[in-house]
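Colleague: Before we set anything up from this model, I would like to learn how its salt bridges and its helix packing should be read. Could we take the features in turn, with the general idea ahead of the case?

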Amino acid sequence: MPIVTLKQLKVHPAQMRTTYDLEKLATLTLQVYERGLDQWQPIAATPNGEGYHIVSGHRRHMAQLFAFALREWAQAHLDTEITVEVVRTMIHTLVDSLGSLEQVVASLLTKHGDEEITFVTFEGSQKAQILALQAANYGSEQPDMLGVAHSFRQAVAAGATPEEIARNVGQPVQFVRNHLALTEIPPELAQRIAAGELPMSVATIVAEVPEPKRTGLSIFILANETDKLTAKAIKECAMTLKKWPGLQLPMMVKHQSQRNIARALVRLWGQVVEAYPEDAYAAVAMIIYRNGHEEPWATQDKLSLWFQALGGDTYYTNGDSGNRSGGINWNAIVEYLIPDISCKQCPIAQLPPQQLRTDLFQGRGGVLGMPCRAGEEVQRCLHGLAANDLFDVRVPWEWSEHPGVVNEAGEYRVKRYEDLSTAWQAQAAKEQSEDLAEVASANDEQPASKNALSEDAGQRPSTISSQPANDVASPTPPSGKVVEQQKSPVVKQRAQIARFMKHHEQHDVNHPFATSCGRCRHHLDNSPTKDETVPHCAWAGRLRTVSFKLLSPDDKKLSPIPVCRQFAPNQAWREIIPAHPSPPELPRDWFKAQILHLVKAANQHGSSRNAFEFLAGRPMTQNEAYSDWFQQQMASQSGELSAAQLFTLFIWAHSEWQRTHRNEFVLPTNGHGVQFANYREAAWPLTTEAL
């Protein structure tokens, strides 16, 4: 057999084993020390330039090096018996001293590398070498997972098929495919799988996802603790991510602001995926796992998730140490992400600048409202229309009877600019007519003028002025009572409204069932008439039936809840209803059905009030049934609620049912329905002193 020095024998590039059992290596070293390398099992190597690559015998090569070192040590310790314990101690001491087995081998080669041993030359192709190496490594000591994966990949590169590799090492083909997958995923993830923290199937699942989605999915998996993600969840996430086409503009939207939100998200996604593709897909993998990837513009929870994941500090803020709440930065989104929108080309901005009492902006300016209708100068807003957008504009329910206005799922809309202009003109004419009627009514209530009184006095019989002094005039009622008796119904109505507006904030206006004027769509910046003394409320514009209540708690530590039955919230349900901290995992459709059932039962009980008046708003037109109005609002807005918010609404529905059935009922005291207290409904005080 040929002879070669130890330093000429090199580790084969396809070596499967990257870790070694030091205990077994100590046993093999002692055997080589005692009798040398067995001639029947020599090291096999193949020529490679100036040296040789070991095909079979990597452990024997290391054992021979340690045997030479042991021989040297034994010569210095003649009185010590060489046992496996001595060899084990020597190897562990060297590894601990130099840091790794590889460092020890390199050090021993510098000292004993010129020692010669016999070997056999392996004859065969690169593919044959690798297959022989793999077969030799499947002996009594199983090689490590990553080393096997590396060796299998080398074999494939040399032309071997997974089936050939499987037959060669005596393993199933799927075993080979799983290990090959380890070489196709990021090393960090492969190491976690090799360490047993994740099942082997995860490697195949991730490897089947194309780049850069694959790296993104791996980043997401690595960001989670090992016990948080199951193989099933990873597989479902990977399958969805693999097919996910990216964010695209929807064909149909519920309203224009939703279309513009979709525009902003699509633009933001394009920017992030171009600059940081792996991180972008890692964010999407997380969003898919949380089931937020479909129509993200449809709900507040999904929007927050997307802008938080992709927008960083620019488009989403997490609040600060001063406990200021964070959230979506709509100003930045409108400024940077929807440049297609411009007030100069938006048809809404072409309406007459005159503000109506009930206008499109409904008291809300800024980028989330309609600043052009609020008299604000901006470049764009979330409701703006681009040049090629389908015309579809929501209008207030007070416009519902105007020509061209249609009702769709509880929302009033116009589909053409001509219809919008016509509806605006009709609303302007309606408000002008109401103003004229108000002026006429006010004139009718004016006392007679001084000239009229003088003229009337001049026509009276002279005997009146010459009445004897001892004649006693008829008694006159107290002046206050006369004034009260002379008040017209509209004046009394306005007094009720004014009293509520002035004093309701003395009570618990922060309770979710409270109806604060500041959160009401009917609250106006100016008087609904030309008389500025009239309360700034749309319901004070003309004579209507109004009603105010107090929900009084049995617990005197709690404040009463003010209730205006004319209230209509100026926020969407998703912004009003808090999320329950621990909602049960039940189907959304079941919750919706139960809520509608409770509302129907409450409204059919015969009570004069209706369930959820504070949430759905009271219709101002007589042709709308309240029950239909709530159902329409439910159909329109419940899809934007999270599961936790829907559960809160379910709890509230029980409280609303109780209010129509009992004198005493239970209401949540903390919004989302964790703490409760007993309440009773009482009339709003008629005098300031009673408040």
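Colleague: How many salt bridges does a search of the whole structure find?

Modeller: A salt bridge here is a side-chain nitrogen of Lys or Arg within 4 Å of a carboxyl oxygen of Asp or Glu, and the search of the whole structure gives 22 of them. Please keep in mind that this is a predicted model, in which local features need pLDDT of at least 70 and side-chain atom pairs count only at pLDDT 80 or more, whereas totals for chains, interfaces and linings use all residues. Residues are numbered from 1 along each chain as its sequence is written, and side-chain values use heavy atoms, with hydrogens and water left out.

Colleague: Which residue does Arg267 meet in a salt bridge, and which parts of the chain does the pair link?

Modeller: Its partner is Asp340, with an N to O distance of 3.9 Å. Helices (H or I, at least four residues) and strands (E, at least two) are DSSP runs, numbered from the N terminus; on that basis Arg267 belongs to helix 13 (residues 256-275), while Asp340 lies in the loop between helix 16 (330-337) and strand 8 (393-395), so that distant parts of the chain, 73 residues apart, are linked.

Colleague: What is the case for Arg413 and Glu408?

Modeller: Their side chains form a salt bridge at 3.7 Å, N to O, in which Arg413 is buried at 3% relative accessibility, whereas Glu408 is partly exposed at 35%. Both residues also belong to a network of salt bridges that links Asp392, Glu408, Arg413 and Lys415.

Colleague: Which residue pairs with Arg680?

Modeller: That is Glu664, and the closest N and O atoms are 2.6 Å apart. Arg680 sits in strand 14 (residues 676-683) and Glu664 in strand 13 (residues 664-668), 16 residues apart; Arg680 is partly exposed at 41%, and Glu664 is partly exposed at 28%.

Colleague: Turning to helix packing, at what angle do helix 12 and helix 14 pack?

Modeller: Axes are lines fitted to C-alpha atoms, for helices over the stretch in contact, and angles run from 0 to 180 degrees between N-to-C directions. Helix 12 (residues 231-243) and helix 14 (residues 277-289) pack at about 120°, their axes being 9 Å apart. Angles under 35 degrees count as roughly parallel, over 145 as roughly antiparallel, 65 to 115 as roughly perpendicular and the rest as oblique, so helix 12 is oblique to helix 14.

Colleague: Which residues make the contact?

Modeller: With contact meaning heavy atoms within 4.5 Å, helix 12 contributes Ala233, Cys237, Thr240 and Leu241, and helix 14 contributes Tyr281, Val284, Ala285, Ile288 and Tyr289.

Colleague: How do helix 6 and helix 8 cross?

Modeller: The axes of helix 6 (residues 145-157) and helix 8 (residues 173-182) come within 8 Å and cross at roughly 95°, which means that helix 6 is roughly perpendicular to helix 8. Among the residues that meet are Phe152 and Arg153 in helix 6 and Phe175 and His179 in helix 8.

Definitions and conventions:
Buried < 20%, exposed > 50% of the residue type's maximum accessible area, 1.4 Å probe, protein only.
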